[in-house]
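Please look through the model below before reading on. My notes follow as numbered points.

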Amino acid sequence: MNPDDPRARRTRARLRQAVLALVAEREPGAITMAEVARRAEVNRATVYLHYPDVDALVAAAMEDAVAELARAAALCPLDAPPDRAPEPLVGLFEHVAANVALYARMLGPHGSARFTAGMRARLTAELAAGFAAGRRPGGFAAVPAETHAAYLAGALVGVIAHWVARERPEPPAEIASTFWALFRGGPVSVA
């Protein structure tokens with residue numbers, strides 16, 4: 001199978017749409033490849049040609065969302081004033097809020113470990129690249145840049161997971177300000 005073949009790309013797109021629709025209905029761990037095949041209107045063998053298991057399919061389906069999060073994190077000026085969250089950070093939380101049910105399932109106790117690890121790894125890579133390009137805040141020279149990036153990525157994933165699991169999460173601008181204050185070590189100021 002040629003992964004660049006237009007038919008293969010269309011099939012993968014249908015499978016990703018099917019699994020996201022199923023994840024919106026129930027926990028990823030409760031979804032079978034047979035259900036994905038039925039929802040995508042393909043046979044089960046076709047699903048296995050493209051993905052080894054549901055977890056891999058879910059991670060692939062969420063790849064665009066993770067890329068958007070990583071881009072927003074990388075755009076965040078880490079030397080911005082400590083009293084106001086940068087717009088890319090607010091945008092990151094707005095993206096999560098727009099997809100809160102999906103993130104809550106994916107990052108929840110019955111979610112996808114592969115997705116969570118992939119999200120953390122992608123954020124780490126984007127932040128490390130930004131640090132290498134000179135966008136690292138001062139005062140951390142003794143800490144290896146990749147370790148610093150991993151720390152921030154882990155903190156961000158943890159805050160997002162906590163936020164989406166809450167019954168009444170605060171507005172995106174408020175959680176962005178809270179995260180920014182934690183990151184900067186300053187007071188919380190809600191815009």
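1. Leu152, Ala155, Leu156, Val159 and Trp163 of α9 touch Pro172, Ile175, Phe179 and Phe183 of α10, where contact means heavy atoms within 4.5 Å. By class, this contact has nine nonpolar, no polar and no charged residues; Ala, Val, Leu, Ile, Met, Phe, Trp, Tyr, Cys and Pro count as nonpolar, Asp, Glu, Lys and Arg as charged, and the others, Gly among them, as polar. The axes of α9 and α10 (residues 172–184) cross at roughly 145° and come within 11 Å. Axes here are lines fitted to C-alpha atoms, for helices over the stretch in contact, with angles from 0 to 180 degrees between N-to-C directions. The crossing of α9 and α10 is right-handed. The hand is read from the near helix: turned anticlockwise from the far one by less than a right angle it is left-handed, and clockwise it is right-handed.

2. On the basis of these notes: this is a predicted model, in which local features need pLDDT of at least 70 and side-chain atom pairs count only at pLDDT 80 or more, while totals for chains, interfaces and linings use all residues. Residues are numbered from 1 along each chain as its sequence is written, and side-chain values use heavy atoms, with hydrogens and water left out.

3. The chain has 10 helices and zero strands. Helices (H or I, at least four residues) and strands (E, at least two) are DSSP runs, numbered from the N terminus. The C-alpha trace spans about 55 × 35 × 25 Å along its principal axes. Of the contacts with a separation of 6 or more, 63% are between residues 24 or more positions apart. Buried residues make up 41% of the 191 residues; buried means under 20% relative accessible area, exposed over 50%, and partly exposed in between (1.4 Å probe, protein chains only).

4. Which residues have the most contacts inside the largest nonpolar core? They are Val36, Phe93, Tyr103, Met119 and Ile160, in a core of 56 residues. Such a core is a set of buried Ala, Val, Leu, Ile, Met, Phe, Trp, Tyr and Cys residues joined through side-chain atoms within 4.5 Å. Helix α9 (residues 145–165) gives the most to this core, with nine residues. Leaving aside neighbours within four places in sequence, Phe93 is in contact with Leu156, Val159, Ile160, Trp163, Pro172, Ile175, Ala176 and Phe179.

5. Helix α7 (residues 100–107) packs on α9 at an angle of about 115°, the axes being 9 Å apart. The two are therefore roughly perpendicular; on this scale angles under 35 degrees are roughly parallel, over 145 roughly antiparallel, 65 to 115 roughly perpendicular and the rest oblique. The crossing of α7 and α9 is left-handed. Val100, Tyr103, Ala104 and Leu107 in α7 meet Val157, Ile160, Ala161 and Val164 in α9, and the residues of this contact divide into eight nonpolar, no polar and no charged.

6. α7 also packs against α8, at about 105° with axes 8 Å apart, so α7 and α8 are roughly perpendicular to each other. Tyr103, Met106 and Leu107 in α7 meet Phe115, Thr116 and Met119 in α8. Here the division is five nonpolar, one polar and no charged.

7. Is helix α4 (residues 54–61) enclosed or open? Seven of its eight residues are buried, so α4 is largely enclosed by the rest of the structure. The buried ones are Val54, Ala56, Leu57, Val58, Ala59, Ala60 and Ala61. Their cover includes α1 (6–25), α2, α5 (63–75), α7 and α8 (113–132).

8. The loop between α2 (33–40) and α3 (44–50) holds Val42 and Glu41. Glu41 is not a glycine, yet has a positive phi of about 60°; at 65% relative accessibility it counts as exposed. Val42, leaving aside neighbours within four places in sequence, is in contact with Arg14, Leu15, Ala37 and Val47.

9. Arg84 is in the loop between α5 and α6 (87–98) and, at 48% relative accessibility, counts as partly exposed. Its C-alpha atom is separated by 7.5 Å from that of Trp180, 96 residues apart along the chain.
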